[in-house]
Amino acid sequence: MMKVVQCWDDGVNNDVRLTGLLRKYNAKATFNLNPGLMGKRVPPSWIRPGDKGWSFHGYRNGKIGLEDIAEVYDGFQLASHCWKHENAGTVPDQEWIKSALDARHYLEDIVQHECRGFAWPCGFFTPETVRLLRENGFAYGRTTQNTDDITSCSEPMALPSNCHYQAGDFWDRYERAKQNGNKVFYFWGHSYEMFDYEPLWQQLEDKIRYITEDPDTEWADVIDIVPLLGRQ
(Lines give C-alpha, C1' and ligand atoms only; values in the text may rest on other atoms or scores of the structure.)
Protein backbone atom coordinates (compact mmCIF):
# COMPACT_ATOMS: atom_id res chain seq x y z
CA MET A 1 0.00 0.00 0.00
CA MET A 2 1.55 3.30 -1.11
CA LYS A 3 1.18 6.24 1.26
CA VAL A 4 0.18 9.52 -0.41
CA VAL A 5 1.10 12.73 1.41
CA GLN A 6 0.55 16.38 0.51
CA CYS A 7 1.36 19.78 1.94
CA TRP A 8 0.34 23.35 1.19
CA ASP A 9 2.24 26.55 1.92
CA ASP A 10 1.71 30.07 3.27
CA GLY A 11 -1.67 30.08 5.02
CA VAL A 12 -3.55 31.86 2.26
CA ASN A 13 -7.25 32.69 1.99
CA ASN A 14 -7.88 29.96 -0.59
CA ASP A 15 -7.07 27.37 2.09
CA VAL A 16 -10.63 27.79 3.39
CA ARG A 17 -11.94 26.22 0.20
CA LEU A 18 -9.08 23.74 0.05
CA THR A 19 -9.60 22.34 3.54
CA GLY A 20 -13.28 21.92 2.78
CA LEU A 21 -12.44 19.97 -0.36
CA LEU A 22 -9.97 17.74 1.50
CA ARG A 23 -12.45 17.01 4.29
CA LYS A 24 -14.97 15.92 1.67
CA TYR A 25 -12.64 13.04 0.75
CA ASN A 26 -11.07 12.45 4.19
CA ALA A 27 -7.71 13.40 2.68
CA LYS A 28 -4.88 14.18 5.09
CA ALA A 29 -2.63 17.20 4.53
CA THR A 30 -0.05 19.38 6.24
CA PHE A 31 -0.24 23.18 6.06
CA ASN A 32 3.02 25.14 6.34
CA LEU A 33 2.31 28.52 7.92
CA ASN A 34 4.01 31.90 8.50
CA PRO A 35 2.19 33.31 11.56
CA GLY A 36 4.10 36.58 11.38
CA LEU A 37 2.53 37.35 8.00
CA MET A 38 -1.01 36.32 8.86
CA GLY A 39 -2.29 38.91 11.36
CA LYS A 40 -5.86 39.90 10.54
CA ARG A 41 -7.73 38.17 7.73
CA VAL A 42 -6.99 39.67 4.30
CA PRO A 43 -9.33 38.74 1.42
CA PRO A 44 -7.91 37.89 -2.00
CA SER A 45 -7.93 40.53 -4.73
CA TRP A 46 -6.64 41.32 -8.21
CA ILE A 47 -4.04 44.04 -8.66
CA ARG A 48 -5.06 47.37 -10.13
CA PRO A 49 -3.05 50.06 -11.92
CA GLY A 50 -0.52 51.59 -9.55
CA ASP A 51 -0.57 48.69 -7.06
CA LYS A 52 2.82 47.59 -5.81
CA GLY A 53 4.05 44.45 -4.14
CA TRP A 54 4.00 40.76 -4.89
CA SER A 55 1.20 39.01 -6.72
CA PHE A 56 0.78 35.68 -8.45
CA HIS A 57 0.02 36.53 -12.08
CA GLY A 58 -1.83 39.60 -10.83
CA TYR A 59 -3.66 37.75 -8.04
CA ARG A 60 -3.11 38.77 -4.42
CA ASN A 61 -3.79 35.66 -2.41
CA GLY A 62 -4.92 37.25 0.84
CA LYS A 63 -4.28 35.57 4.18
CA ILE A 64 -6.03 33.47 6.77
CA GLY A 65 -6.17 35.53 9.98
CA LEU A 66 -4.41 34.31 13.11
CA GLU A 67 -7.82 34.06 14.74
CA ASP A 68 -8.92 31.67 11.97
CA ILE A 69 -6.11 29.11 12.23
CA ALA A 70 -7.73 26.76 14.72
CA GLU A 71 -11.03 26.60 12.83
CA VAL A 72 -9.77 26.53 9.24
CA TYR A 73 -7.10 23.89 9.83
CA ASP A 74 -8.96 21.76 12.36
CA GLY A 75 -8.05 18.12 11.81
CA PHE A 76 -4.97 18.82 9.69
CA GLN A 77 -1.28 18.89 10.56
CA LEU A 78 0.45 22.27 10.86
CA ALA A 79 4.14 22.95 10.28
CA SER A 80 6.54 25.88 10.48
CA HIS A 81 7.34 27.83 7.33
CA CYS A 82 9.28 30.44 9.35
CA TRP A 83 7.73 33.42 11.11
CA LYS A 84 7.73 35.72 8.09
CA HIS A 85 8.87 33.37 5.30
CA GLU A 86 12.55 34.14 5.94
CA ASN A 87 14.77 32.40 3.38
CA ALA A 88 17.70 30.43 4.75
CA GLY A 89 21.00 31.99 3.76
CA THR A 90 19.55 35.48 3.27
CA VAL A 91 19.41 36.41 6.96
CA PRO A 92 21.84 35.54 9.79
CA ASP A 93 21.52 31.88 10.74
CA GLN A 94 20.56 32.55 14.35
CA GLU A 95 17.86 34.96 13.22
CA TRP A 96 16.65 32.36 10.78
CA ILE A 97 16.37 29.50 13.30
CA LYS A 98 14.61 31.80 15.76
CA SER A 99 12.05 32.51 13.04
CA ALA A 100 11.57 28.79 12.37
CA LEU A 101 11.13 28.07 16.07
CA ASP A 102 8.87 31.06 16.75
CA ALA A 103 6.46 29.84 14.09
CA ARG A 104 6.57 26.30 15.45
CA HIS A 105 5.93 27.35 19.05
CA TYR A 106 3.11 29.68 18.04
CA LEU A 107 1.36 26.89 16.15
CA GLU A 108 1.92 24.41 18.98
CA ASP A 109 0.25 26.79 21.39
CA ILE A 110 -2.81 26.83 19.13
CA VAL A 111 -3.14 23.10 18.48
CA GLN A 112 -1.71 21.90 21.81
CA HIS A 113 0.54 19.26 20.29
CA GLU A 114 3.96 19.17 18.66
CA CYS A 115 4.42 20.64 15.19
CA ARG A 116 7.80 19.22 14.23
CA GLY A 117 7.45 19.61 10.47
CA PHE A 118 9.08 22.35 8.42
CA ALA A 119 9.01 23.60 4.83
CA TRP A 120 11.93 25.66 3.53
CA PRO A 121 10.67 29.06 2.28
CA CYS A 122 11.37 29.23 -1.47
CA GLY A 123 13.20 25.91 -1.08
CA PHE A 124 16.38 27.66 0.16
CA PHE A 125 18.60 25.81 2.64
CA THR A 126 22.27 25.63 3.57
CA PRO A 127 24.37 23.00 5.39
CA GLU A 128 24.34 25.20 8.50
CA THR A 129 20.57 25.73 8.54
CA VAL A 130 20.04 22.00 7.96
CA ARG A 131 22.19 21.38 11.05
CA LEU A 132 20.26 23.97 13.07
CA LEU A 133 16.92 22.50 12.04
CA ARG A 134 18.02 19.02 13.16
CA GLU A 135 19.56 20.22 16.43
CA ASN A 136 16.38 22.07 17.34
CA GLY A 137 14.18 19.02 17.17
CA PHE A 138 12.45 19.31 13.81
CA ALA A 139 11.47 16.01 12.20
CA TYR A 140 11.95 17.04 8.55
CA GLY A 141 12.40 20.02 6.24
CA ARG A 142 10.63 19.89 2.87
CA THR A 143 12.53 21.34 -0.08
CA THR A 144 11.29 22.17 -3.59
CA GLN A 145 13.43 19.45 -5.14
CA ASN A 146 11.92 16.39 -6.83
CA THR A 147 12.77 12.71 -6.70
CA ASP A 148 11.23 9.52 -8.03
CA ASP A 149 11.60 7.73 -4.69
CA ILE A 150 11.07 9.68 -1.47
CA THR A 151 12.36 6.91 0.77
CA SER A 152 15.78 7.05 -0.91
CA CYS A 153 16.27 10.38 0.90
CA SER A 154 18.67 9.86 3.80
CA GLU A 155 18.50 13.48 5.07
CA PRO A 156 15.01 14.30 6.38
CA MET A 157 16.01 17.95 6.83
CA ALA A 158 16.37 18.18 3.04
CA LEU A 159 13.26 16.22 2.08
CA PRO A 160 12.26 16.28 -1.59
CA SER A 161 8.81 15.58 -2.97
CA ASN A 162 7.73 13.72 -6.09
CA CYS A 163 6.30 16.85 -7.72
CA HIS A 164 4.21 19.98 -7.52
CA TYR A 165 0.48 19.24 -7.65
CA GLN A 166 0.14 21.04 -11.00
CA ALA A 167 3.07 19.24 -12.63
CA GLY A 168 2.24 18.33 -16.20
CA ASP A 169 3.49 14.79 -15.62
CA PHE A 170 1.72 14.36 -12.25
CA TRP A 171 -0.11 11.20 -13.27
CA ASP A 172 2.95 9.71 -14.97
CA ARG A 173 4.90 10.18 -11.73
CA TYR A 174 2.05 8.80 -9.64
CA GLU A 175 1.60 5.66 -11.72
CA ARG A 176 5.37 5.12 -11.98
CA ALA A 177 5.66 5.29 -8.20
CA LYS A 178 2.98 2.62 -7.87
CA GLN A 179 4.50 0.40 -10.55
CA ASN A 180 7.93 0.65 -8.91
CA GLY A 181 6.50 -0.41 -5.58
CA ASN A 182 7.37 2.89 -3.90
CA LYS A 183 6.19 3.30 -0.34
CA VAL A 184 5.41 7.01 -0.70
CA PHE A 185 4.10 9.57 -3.19
CA TYR A 186 4.40 13.21 -2.10
CA PHE A 187 3.08 16.38 -3.74
CA TRP A 188 2.80 20.00 -2.61
CA GLY A 189 1.64 23.44 -3.68
CA HIS A 190 -0.11 26.72 -2.85
CA SER A 191 -3.88 26.96 -2.99
CA TYR A 192 -3.66 30.46 -4.49
CA GLU A 193 -2.29 28.89 -7.67
CA MET A 194 -5.88 27.93 -8.49
CA PHE A 195 -7.10 31.51 -8.08
CA ASP A 196 -10.92 31.35 -8.05
CA TYR A 197 -10.87 29.52 -11.39
CA GLU A 198 -13.28 26.61 -11.34
CA PRO A 199 -11.49 24.34 -13.87
CA LEU A 200 -8.32 24.36 -11.73
CA TRP A 201 -10.26 23.56 -8.58
CA GLN A 202 -12.07 20.78 -10.40
CA GLN A 203 -8.74 19.43 -11.63
CA LEU A 204 -7.49 19.22 -8.05
CA GLU A 205 -10.72 17.65 -6.83
CA ASP A 206 -10.41 15.00 -9.54
CA LYS A 207 -6.91 14.19 -8.24
CA ILE A 208 -8.03 13.98 -4.62
CA ARG A 209 -11.03 11.82 -5.50
CA TYR A 210 -8.98 9.45 -7.66
CA ILE A 211 -6.33 8.97 -4.97
CA THR A 212 -8.97 8.44 -2.28
CA GLU A 213 -10.67 5.76 -4.37
CA ASP A 214 -7.44 4.05 -5.44
CA PRO A 215 -7.33 0.68 -3.61
CA ASP A 216 -3.54 0.65 -3.78
CA THR A 217 -2.99 3.86 -1.81
CA GLU A 218 -3.82 5.47 1.51
CA TRP A 219 -3.54 9.06 2.75
CA ALA A 220 -0.90 9.80 5.37
CA ASP A 221 0.63 12.87 6.99
CA VAL A 222 4.10 14.03 5.99
CA ILE A 223 5.50 13.35 9.44
CA ASP A 224 4.31 9.73 9.14
CA ILE A 225 6.81 9.01 6.36
CA VAL A 226 9.91 10.14 8.25
CA PRO A 227 10.59 6.63 9.68
CA LEU A 228 10.61 5.29 6.09
CA LEU A 229 13.38 7.60 4.85
CA GLY A 230 16.74 6.18 3.90
CA ARG A 231 15.24 2.78 3.08
CA GLN A 232 15.23 1.65 -0.53
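Which residues do ring pairs link into a cluster? In this predicted model, the cluster is made up of Phe170, Trp171, Tyr174, Phe185, Phe187, Tyr210 and Trp219, which are linked by ring pairs.

## Aromatic pairs

A search of the whole structure finds 24 aromatic pairs. One of them joins Phe31 and Phe76, whose ring centres are 5.5 Å apart and whose planes stand at 80 degrees, so this pair is edge-to-face, given that planes over 60 degrees apart are counted in that way. Phe31 belongs to strand E2 (residues 30–33), while Phe76 sits in the loop between helix H2 (69–72) and strand E5 (77–80), so the pair ties together parts that are 45 residues apart in sequence. Phe31 counts as buried, with a relative accessibility of 0%, and Phe76 counts as buried at 9%.

A further pair is formed by Trp96 and Phe118, with ring centres 5.6 Å apart and planes at 80 degrees, so that this pair too is edge-to-face. Because Trp96 lies in helix H3 (residues 93–111) and Phe118 in the loop between H3 and helix H4 (127–135), the pair ties together parts that are 22 residues apart in sequence. Both Trp96 and Phe118 are buried.

## Charged residues over rings

Lys207 lies over the face of Phe170, at 5.0 Å from the ring centre, and Phe170 is itself one of the residues in the aromatic cluster. In another part of the model, Arg104 lies over the face of Phe138, at 5.2 Å from the ring centre.

## The two sides of helix H4

Within H4, the residues Thr129, Val130, Leu132 and Leu133 are buried. They cover an arc of only 165 degrees around the axis, which means that they are on the same side of H4.

The buried residues of H4 pack against H3, whereas the face turned away from the buried side carries the exposed residues Pro127 and Glu135. Just after H4, Gly137 takes a positive phi of about 85 degrees.

Ser191 is found in the loop between strand E9 (184–189) and helix H6 (198–213). Is this residue buried or exposed? Ser191 has a relative accessible area of 0%, and therefore counts as buried.

The side chain of Ser191 is joined to that of Asp15 by a polar contact of 2.6 Å. Leaving aside neighbours within four places in sequence, Ser191 is in contact with Trp8, Val12, Asn14, Asp15, Leu18 and Trp201.

Conventions. Residues are numbered from 1 along each chain as its sequence is written. This is a predicted model: local features need pLDDT of at least 70, side-chain atom pairs count only at pLDDT 80 or more; totals for chains, interfaces and linings use all residues. Side-chain values use heavy atoms; hydrogens and water are left out. Helices (H or I, at least four residues) and strands (E, at least two) are DSSP runs, numbered from the N terminus. Buried means under 20% relative accessible area, exposed over 50%, partly exposed in between (1.4 Å probe, protein chains only). A polar contact is a pair of N or O atoms within 3.5 Å; within protein, one must be able to donate a hydrogen and the other to accept it, and residues adjacent in sequence count only if both atoms are side-chain atoms. Contact means heavy atoms within 4.5 Å. Rings of Phe, Tyr and Trp (its six-membered ring) pair if their centres lie within 6.5 Å; planes under 30 degrees apart count as stacked, over 60 as edge-to-face and the rest as tilted. A charge sits over a ring if NZ of Lys or CZ of Arg is within 6 Å of the ring centre and within 35 degrees of the ring normal. The arc is that of the directions from the helix axis to the C-beta atoms.
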